[in-house]
Amino acid sequence: MTNIGFKYYHGTSTLFLDSIKKTGLGGTNPNIDFKNLEVLRFLYRQAENHLLDNSDYLKVRSTTQAMSQQGIVDLIQQNGERQRCYFRHDGIYIALSIMRAIVYANQNKYGSEIVGRCVFLYNLLKAKIGDFKIPKDINLFGIDKLAGLLLEPIIIEVSNVNDYDLGKEDGKTAKEALVFLRNILPQLTEKERFEFKQYCNFELLKPVPIENLKFYKLFTTGIPGQKNFDYELTEI
């Protein structure tokens, strides 16, 4: 049984639009195929050597370490609550909630946590070390050339994905979770469905072809999570 009743969403930026149109969503993983994760690990090591006196780096030090190690970090929020963050970038993930994808695309200028953090660290290191360079053998994506690009957030609507072509974030198959979702969602209120879907994210186990994708430019106002936040989607 396929999940034709479900549509999924992926937030990214126009930086990746041409590649996705050529190879489908998940056909290329820049973190692995273009060694962006290796670049992040290199930049993290350099930051530990040169930026421990930099307040901007120290703000992201713990998440950068967890991101480079593909691990877990606990963050303390302004209200004192502890938030646990899991970092896995070895696959391409899609969300059952369009709002989850919208918030991600809105908050990640480059459409990728890894790329965004790489550009941020590169700029800090370049400011500290004038002749700083990323080794050519890992800088396949041209991280040093991305800072000046004018990029726009996009949302990709994904349809006709077979249950067995999805995995859960904990590494298990998604089939059982999706069967549960089909049973439980009709019983929930609209508010409960919205909140429940925020935690429904899946890894693509095979690429989704272009004919099952719709692309939208995203325009937002206000701050995500607050009453003044609003968005508009325009199909590309």
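Val179 is found in helix H7, which spans residues 175-184 of this predicted model. Helices (H or I, at least four residues) and strands (E, at least two) are DSSP runs, numbered from the N terminus. Val179 is partly exposed, with a relative accessible area of 36%. Here buried means under 20% relative accessible area, exposed means over 50%, and partly exposed lies in between (1.4 Å probe, protein chains only). Asp163 lies 16 residues from Val179 along the chain, and their C-alpha atoms are separated by 9.0 Å.

The model is predicted: local features need pLDDT of at least 70, side-chain atom pairs count only at pLDDT 80 or more, and totals for chains, interfaces and linings use all residues. Residues are numbered from 1 along each chain as its sequence is written, and side-chain values use heavy atoms, with hydrogens and water left out.

The chain holds 8 helices and 9 strands. Of its 236 residues, 42% count as buried. The accessible surface comes to about 13300 Å², and carbon and sulfur atoms account for 50% of that area. Accessible areas come from the Shrake-Rupley method with a 1.4 Å probe; for residues, only the protein chains shown count as cover. Contact means heavy atoms within 4.5 Å. Among contacts between residues at least 6 apart in sequence, 72% join residues at least 24 apart.

Helix H3 (residues 36-50) packs against helix H6 (residues 113-128). The angle is about 35°, and the axes are 9 Å apart. Axes are lines fitted to C-alpha atoms, for helices over the stretch in contact, and angles run from 0 to 180 degrees between N-to-C directions. The crossing of H3 and H6 is left-handed; that is, the near helix is turned anticlockwise from the far one by less than a right angle. From H3, the contact includes Leu37, Leu40, Leu43 and Tyr44. From H6, Ile114, Val115, Leu121 and Leu125 are among the residues involved. By class, this contact has 12 nonpolar, 3 polar and 2 charged residues. Ala, Val, Leu, Ile, Met, Phe, Trp, Tyr, Cys and Pro count as nonpolar, Asp, Glu, Lys and Arg as charged, and the others, Gly among them, as polar.

H3 also meets helix H4 (residues 55-69). Their axes come within 10 Å and cross at roughly 140°. H3 and H4 are therefore oblique to each other. Angles under 35 degrees count as roughly parallel, over 145 as roughly antiparallel, 65 to 115 as roughly perpendicular and the rest as oblique. H3 passes H4 in a left-handed crossing. Leu37, Leu40, Arg41, Tyr44, Ala47 and Glu48 in H3 meet H4 residues including Tyr57, Arg61 and Met67. The contact of H3 with H4 divides into 6 nonpolar, 3 polar and 3 charged residues.
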